[in-house]
Amino acid sequence: MYILSLSESIPDVQTINVTKAKPLIRGNANNGDARNQPDADADADADADDGIRDKNDDDTSGDSLPSYLTLITLHGDIVIELKPSWALDSVKYIQKLLQSQEQCQNCRLYRAEQHGILQGVLRKPDVQPNEVLGDCPENTKLFKPNNPCHGPMMTRGMVGWAAGKGGPDFFIHNYDRAADWWGHEHTVWGQVIDESLEVVSKILDLPAHKQSGMMFLDESIQVKIE
C-alpha cells in the first residue's frame, strides 16, 4: 500500500528562514505569509528553470545539519525532529530547502485521513527533489529481505516520504498502532515532537471530503518552514 503523491497539483508560494536550535512552540502561528497566498502555476514549478541545483551537489558538506524542521500553520506549529541516521539524503534535502532564498512553490498540507494520516508537500523551484531512499535498518534485514525496506516501521509521529518515493510529498503517521501494514517500505526522516501531536490531531479534524477513496482537506493549509 502506497501513500498518494500529489506534488505537481498543489502549488504554493512561501519564504523561509533557517533555524538549527529547537524551536519554540506557538499555539497559533499568526504569520501573514502563511495565509491566503496566491497559487502558482503547477507546471511552472515542476522541474523549474535552469536554476535547479544538481542533486549530486554537496553544498551542505560545510554546514552542520539542522536538528529540527518547523511547519508553521494557522492552526499551530508542527515541529519535526530530523533523523539523519534514518535517511541522510532526505535531511540534506530539507537543509537545502531551508538554505534556499527562493520562494516555496509547494509548501502545504492537503490530505487528512482522520486520526491517521496528515499529508502534504515540500518543494522549492531551485532545489532538486530528493530521489534517494532510506536504508533498511540492520535489525530488519533478516526478517523480510525480499520486501521493500527503506526505514523503520512507522509509529505515531514519524514523518516519511509518500508513495514509497524520495519526496517531495510527505506524510505524518498519526495512528496509535505501528504501521505494520506498510512494513518498512517508506523512507522515514523525522519524528514530530510530543508537543506538536495535538496540532496534527487538530488539523486531522478539519472539514474534509472524499475523493478517489481518500480524504482531502476542503481547504488545503499553506505552511511556512523554518
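Reply: Let us start with one word: a residue is called buried when its relative accessible area is under 20%. By that cut-off Cys136 is buried, and Cys149 is buried as well. Please keep in mind that this is a predicted model.

Me: What makes Cys136 and Cys149 a disulfide?

Reply: The cut-off is that two cysteine sulfur atoms lie within 2.5 Å. In Cys136 and Cys149 the S to S distance is 2.0 Å, and because that value falls within the cut-off, the pair is called a disulfide. The link has 75° about the S-S bond and is right-handed. It joins distant parts of the chain, with Cys136 and Cys149 13 residues apart and each in the loop between S4 and S5.

Me: How many disulfides does a search of the whole structure find, and what is the pairing of the bonded cysteines in sequence order?

Reply: The search finds two disulfides, and when the bonded cysteines are numbered in sequence order, the pairing is 1-2, 3-4. Cys104 is joined to Cys107, with an S to S distance of 1.7 Å, which again lies within the 2.5 Å cut-off. This link is right-handed too, with 80° about the S-S bond, and both Cys104 and Cys107 are buried.

Me: Why is Asp126 called buried?

Reply: The relative accessible area of Asp126 is 11%, and because the word applies under 20%, Asp126 counts as buried. Asp126 is found in the loop between strand S4 (117-123) and strand S5 (158-161).

Me: Which residues have the most contacts inside the largest nonpolar core?

Reply: They are Leu69, Ile78, Ile94, Leu122 and Trp189, in a core of 33 residues. A second, separate core has eight residues, including Ile117, Met154, Ala179 and Val188.

Me: What puts the buried residues of helix H2 on the same side?

Reply: The buried residues of H2 (residues 197-204) are Leu197, Val199, Val200, Ile203 and Leu204. They cover an arc of only 160° around the axis, and therefore they lie on the same side of H2. In general, an α-helix has 3.6 residues a turn, so residues three or four places apart point the same way.

Definitions and conventions
Residues are numbered from 1 along each chain as its sequence is written. This is a predicted model: local features need pLDDT of at least 70, side-chain atom pairs count only at pLDDT 80 or more; totals for chains, interfaces and linings use all residues. Side-chain values use heavy atoms; hydrogens and water are left out. Helices (H or I, at least four residues) and strands (E, at least two) are DSSP runs, numbered from the N terminus. Buried means under 20% relative accessible area, exposed over 50%, partly exposed in between (1.4 Å probe, protein chains only). A nonpolar core is a set of buried Ala, Val, Leu, Ile, Met, Phe, Trp, Tyr and Cys residues joined through side-chain atoms within 4.5 Å. The arc is that of the directions from the helix axis to the C-beta atoms.
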